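Please look over the sequence and the structure shown below before reading on.

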Amino acid sequence: MMRMLVSVRSVDEALLAARGGADFIDLKEPSDGALGGLPVATIGAIVDALRAHGIHLPVSATIGDLPMHALDRILAQVDAVGACGVDYVKVGIERGPEAFAVLDALSACGWPVVPVFIADHGLDAALIAHACTRGFPALMADTADKLAGSLFDAVPTAELRAFLARVRASGRLVGVAGALRVAHVPLLQSLAPDFAGFRSAVCVADRKTALCPERLAALAALLHGEAVESMPA
């Protein structure tokens, strides 16, 4: 079954997502780029609040959008976020020669890092193949420009299918995200990633607005194969 990852920015949103059917809680600042990072104190507070409420869903957190040449900053931020007690630390990976060294450093850093391949200009097969030889628990594809369309607008379906197959063959979990909406669910189900990330589809308006409990519950029911009377567009 494809699991639903929901991106949240606060304790209240995290609790709402967890109670609304999310399978993964993802901590990020939606108004600050594709992988906008929350303050470390906020990440720690959200993790503590979830655990205090007896919620033990896996929690991921982004480190913020950092360029591949800033390896020292990337590793320092991974350390800071990892120390908050999250289950996974998500790091955006941009195409380019420097990304190979970043993947090598992340695989040796001691934290459960999930590389997120920024796919606005397609996916780099060589980079993904390299990541599949490292000890990452999961790999993801996502987009940076949420206004330019969805992941499916940026990457041909056949290319996404090849990405999923390669990662699965390496024994890792594989996920997708990138302005995914309800209309994409049939295509997502045909691709069958281990998890799919949502924000816009479960907000009252755009991704910067508040989460909508009704949209959360309806999407969770749809993804989990439960009967649902109506689904907000």
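Arg9 is partly exposed, with a relative accessible area of 21%, where buried means under 20% relative accessible area, exposed means over 50%, and partly exposed is in between (1.4 Å probe, protein chains only). The model is a predicted one, in which local features need pLDDT of at least 70 and side-chain atom pairs count only at pLDDT 80 or more, while totals for chains, interfaces and linings use all residues. Residues are numbered from 1 along each chain as its sequence is written, and side-chain values use heavy atoms, with hydrogens and water left out.

Arg9 forms a salt bridge with Glu29, and the closest N and O atoms of the pair are 3.0 Å apart; a salt bridge here is a side-chain nitrogen of Lys or Arg within 4 Å of a carboxyl oxygen of Asp or Glu. Because Glu29 lies in the loop between β2 (24–27) and α2 (40–52), and Arg9 in the loop between β1 and α1, the pair ties together parts that are 20 residues apart in sequence. The helices (H or I, at least four residues) and strands (E, at least two) are DSSP runs, numbered from the N terminus. Glu29 is buried, at a relative accessible area of 18%.

## Other salt bridges

Seven salt bridges are found in a search of the whole structure. One of them joins Asp104 to Arg134, with the closest N and O atoms 2.9 Å apart. Asp104 belongs to helix α4 (residues 98–107) and Arg134 to the loop between α5 (125–131) and β6 (138–142), so this pair ties together parts that are 30 residues apart in sequence. Asp104 is partly exposed, with a relative accessible area of 31%, and Arg134 also counts as partly exposed, at 25%.

In the salt bridge between Lys146 and Asp142, the closest N and O atoms are 2.6 Å apart. Lys146 is buried, with a relative accessible area of 16%, and Asp142 is buried as well, at 2%.

## Helix α9

Which residues of helix α9 (residues 213–223) are buried? They are Arg215, Leu216, Ala218, Leu219, Ala220, Ala221 and Leu223. An α-helix has 3.6 residues a turn, so residues three or four places apart point the same way.

The buried residues of α9 pack against β1 (3–8), α1 (11–19), α8 (185–191) and β8 (195–198), where contact means heavy atoms within 4.5 Å. After α9 comes Gly225, whose phi is positive, near 75 degrees.

## The largest pocket

The largest pocket has a volume of about 220 Å³. Its lining is made up of 13 residues, and those nearest its centre are Pro30, Lys146, Leu147, Arg207 and Lys208. On a 1 Å grid over the protein atoms alone, where a 1.4 Å probe is fitted, a pocket is an open set of points with protein on both sides within 12 Å along at least five of seven lines, and lining residues have an atom within 4 Å of a point. Grid points are joined across faces, edges and corners, and a volume is the space filled by probe spheres set on the points.

By class, the lining has five nonpolar, three polar and five charged residues. Ala, Val, Leu, Ile, Met, Phe, Trp, Tyr, Cys and Pro count as nonpolar, Asp, Glu, Lys and Arg as charged, and the others, Gly among them, as polar.

## Cysteines without a bond

A search of the whole structure finds zero disulfides, a disulfide being a pair of cysteine sulfur atoms within 2.5 Å. The sulfur of Cys203 is 8.7 Å from the closest cysteine sulfur, in Cys212, and this is too far for a bond. Cys203 counts as buried, at 1% relative accessibility, and Cys212 is buried too, with a relative accessible area of 10%.
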